[in-house]
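Me: I have a structure to look over. Please take me through it in short questions and answers.

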Amino acid sequence: MKLSELAARLDLKVFTGEGGLDRPVGGGYAGDLLSDVMAHGRKDDLWVTIQVHPNVVAVAVLKDLAGIVLANGREPTAETIERAEKEGVPLLGTPATAFELAGRLHGIGIKGS
Amino acid sequence: MELRRYRADLHIHTCLSPCGELEMFPRAVVGKARAMGLDIIAVTDHNSAENAAAVEEAATGTGLTVFPGLELTTEEEAHILGLFDPGTDLGPLLAAVYENLPDLPSKRSFIEDQVIVDAEDGVTGFHPRCLIGATRFSVYEAVGLIHKYGGLAIASHIDREAFSIISQLGFIPSDLALDAVEVSPLLRFDEARAAFGPLSPLPLVRFSDAHRSEEIGRATMDFLLAEPRLEEVRRALAGRDGRESRPS
């Protein structure tokens, strides 16, 4: 499923990275410890987190993730948006909790490993 | 000015930290620090510094220098040490921290573990907020706040799997104005340098993070300084003006 379709179905807000929305989402990962995501995130995963520090963009680039969804209504810092824009990393958001969003993602066919 | 060696453990909790043992009263901390041959200690409770002055006072005349300090929890849940010169008034800094610490309802029994004391080990109160929570400061804001009050900002125990800037943020942001990074006593200094040297150009220190009396002085640095002042430690960390910083 393409990120654009997924974002529309789950009503996700797009902060930046519209250019990357054509990308297919291969799976999902949730976590707020960036060291853990660096260890266990897989290429093409959609990453659900509440961390808003600019380092999330670096981790997404490093692991070639499909995109980042900030859960719980968390707002990215200006620098995080700027870095995501520059790197072309889709940065999305939802008022839903990480638990709730992971459930909805699973419901439309996005699985973890 | 003549330089001499000062043995320092700059990461020590007191009975104010909910995870610190109740035995960590000023006299016990000072007594153990002296017994371990320490010249400088720092009092670094979680998100507070309300016992620092009492420990400073308890050390008067003992030859031990006490830096007031605190260990801030950032919104990313990374721990950052703030160390200050003896006698620094941390009132305005603490007011800013408390304003940004969620007022979590705590059980009475839990708050009773956050003991405020005087220099004679007398209990003068209990801190009402839950001090182990995360502040609303980002790592950048935490470092900025510490620097605003003239302090040194050191990322705590970066080798640990919890509450370290590396566990939380994956790596140390290169634009974060830290003065040093600390490793825990779990690693030897040479192991730490091999593991973290390539990841960060920042000076590396190793302190005890003591929560219990017997842990005080289990990891220390030897600083070559003209006098036991924060500015001298800053120079030692940077290796300036003949000042040096070495693992003990």
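This is a predicted model: local features need pLDDT of at least 70, side-chain atom pairs count only at pLDDT 80 or more; totals for chains, interfaces and linings use all residues.

Me: In what order do helices and strands follow one another in chain A?
Reply: Chain A holds 5 helices and 5 strands. Read along the sequence, they give the pattern α-β-β-α-β-α-β-α-β-α.

Me: Why does chain A count as compact as a globular protein of its length?
Reply: The globule rule gives 13 Å for 113 residues. The value for chain A is close to that, so the chain is as compact as a globular protein of that length. Its radius of gyration is 12 Å.

Me: What share of the residues of chain A is buried?
Reply: A residue counts as buried with 20 or more other C-beta atoms within 10 Å of its own. Of the 113 residues of chain A, the share that passes is 41%.

Me: Is A:P95 buried or exposed?
Reply: A:P95 sits in the loop between strand 5 (91-93) and helix 5 (98-107) of chain A. The cut-off for exposed is 12 or fewer neighbours. A:P95 has 12 C-beta neighbours inside 10 Å, so it counts as exposed.

Me: How far apart in space are A:P95 and A:R74?
Reply: In sequence, A:P95 and A:R74 are 21 residues apart. From C-alpha to C-alpha, the distance is 7.6 Å.

Me: Which residue stands opposite B:R5 in strand 10 of chain B?
Reply: Strand 1 (residues 4-12) of chain B pairs with strand 10 (residues 221-225) of chain B. The sense is antiparallel, over 5 bridges. Opposite B:R5 stands B:L224.

Me: Which residue of strand 2 of chain B stands opposite B:I12?
Reply: Strand 1 of chain B also pairs with strand 2 (residues 40-46) of chain B, in the parallel sense over 3 bridges. Opposite B:I12 stands B:V43.

Technical notes
Residues are numbered from 1 along each chain as its sequence is written. Chains are lettered from A and ligands numbered from 1 in the order in which they are written. Helices (H or I, at least four residues) and strands (E, at least two) are DSSP runs, numbered from the N terminus. The radius of gyration is taken over C-alpha atoms; the globule rule is 2.2 Å times the number of residues to the power 0.38. Two strands pair if DSSP finds at least two bridges between them.
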